[in-house]
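Morning, everyone. I have one structure to walk through today. Please have a look at it before I start.

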Amino acid sequence: WSIREAAAQILGDIGSRQAIGALIQVLREDDAWNIREAAASILGEAGGPQAVRALIQAALRDSEMRVRRAAVSGLGETRDPQATDALVQMLQEDDSDLRYRAAMALGEVGGSRAIDTLIQTLQDGELSVRGGAVSALNHIGGSQVVLALTQALVSNDDPDVRGVIAS
């Protein structure tokens, strides 16, 4: 870790409104991607409405994929339903690791829209993303998930998708 990354971690540990504001500024403005990435991770741990808004913006718009991935994972850590729309949007991205992280984050956020979206994600072209969707659904749990997975298993002819669901 660099001194700047350590400083970002200390700001996150402080957790005050002022410290969160400073981390958001770092996430939005720092030139070094690794510092923005660290800020995204720390904001995910800190949570709160300001952090969620900043993480959504970074997930959708940052120029560095590693920062976007960290922001998506951070959104999952917040468990904030306000992140759902952005996470669903992230499932349309080309980067399979970003889609995997979005699926996992939806599992943390939960809710019926997350469940419906994750069921659709079982059809993703990348096995790791499908596996992430199954893990996320297992994390959410409950009768709605069992029913949705059972219906998906019965209605899907693709042996790979059926295998992922059955696992």
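Start with a pair of side chains. Arg-36 and Asp-62 are joined by a polar contact of 2.9 Å between their side chains. Keep in mind that this is a predicted model.

Where does Arg-36 sit? Find helix α3, residues 33-46; Arg-36 is in that helix. Is Arg-36 buried or exposed? Its relative accessible area is 7%, so Arg-36 is buried. The cut-off for buried is under 20%.

Next, helix α8, residues 112-121. Its buried residues are Ala-114, Ile-115, Thr-117, Leu-118, Ile-119 and Thr-121. What do they pack against? The partners are α6 (84-90), α7 (96-109), α9 and α10 (143-155).

Take α9 from that group. The axes of α8 and α9 are 8 Å apart, and the packing angle is about 150 degrees. Because of that angle, α8 is roughly antiparallel to α9; the cut-off is over 145. The two helices make a left-handed crossing. From α8, the contact uses Ala-114, Ile-115, Leu-118, Ile-119 and Thr-121. From α9, it uses Val-129, Arg-130, Ala-133, Ala-136, Leu-137 and Ile-140. Sorted by class, that contact has nine nonpolar residues, one polar and one charged.

Let me pick out Ala-133. It lies in α9, residues 127-140. Ala-133 counts as buried because its relative accessibility is 0%. Not counting residues up to four places away, Ala-133 touches Ala-103, Leu-118, Thr-121 and Leu-122. Now look along the chain to Val-164, 31 residues from Ala-133. The C-alpha atoms of Ala-133 and Val-164 are separated by 9.3 Å.

Last pair: α10 and α11, the latter being residues 159-166. Their axes are 9 Å apart, at an angle of about 155 degrees. The angle is why α10 counts as roughly antiparallel to α11. Which hand is the crossing of α10 and α11, left or right? Left-handed. Leu-149, Ala-152, Leu-153 and Val-154 of α10 meet Arg-162, Ile-165 and Ala-166 of α11. By class, the contact of α10 with α11 has six nonpolar residues, no polar and one charged.

That's my tour. Questions, please.

Notes. Residues numbered from 1 in each chain as written. Predicted model: local features only at pLDDT ≥ 70, side-chain atom pairs only at ≥ 80, totals over all residues. Heavy atoms only, no water. Helix = DSSP H or I, 4+ residues; strand = E, 2+ residues; numbered from the N terminus. Buried < 20%, exposed > 50% of the residue type's maximum accessible area, 1.4 Å probe, protein only. Contact = heavy atoms within 4.5 Å. Polar contact = N/O pair within 3.5 Å; in protein donor to acceptor, adjacent residues only side chain to side chain. Axes fitted to C-alpha atoms, helices over the stretch in contact; angles between N-to-C directions. Parallel < 35°, antiparallel > 145°, perpendicular 65-115°, else oblique. Left-handed = near helix turned anticlockwise from the far one by under 90°. Nonpolar A, V, L, I, M, F, W, Y, C, P; charged D, E, K, R; others polar.
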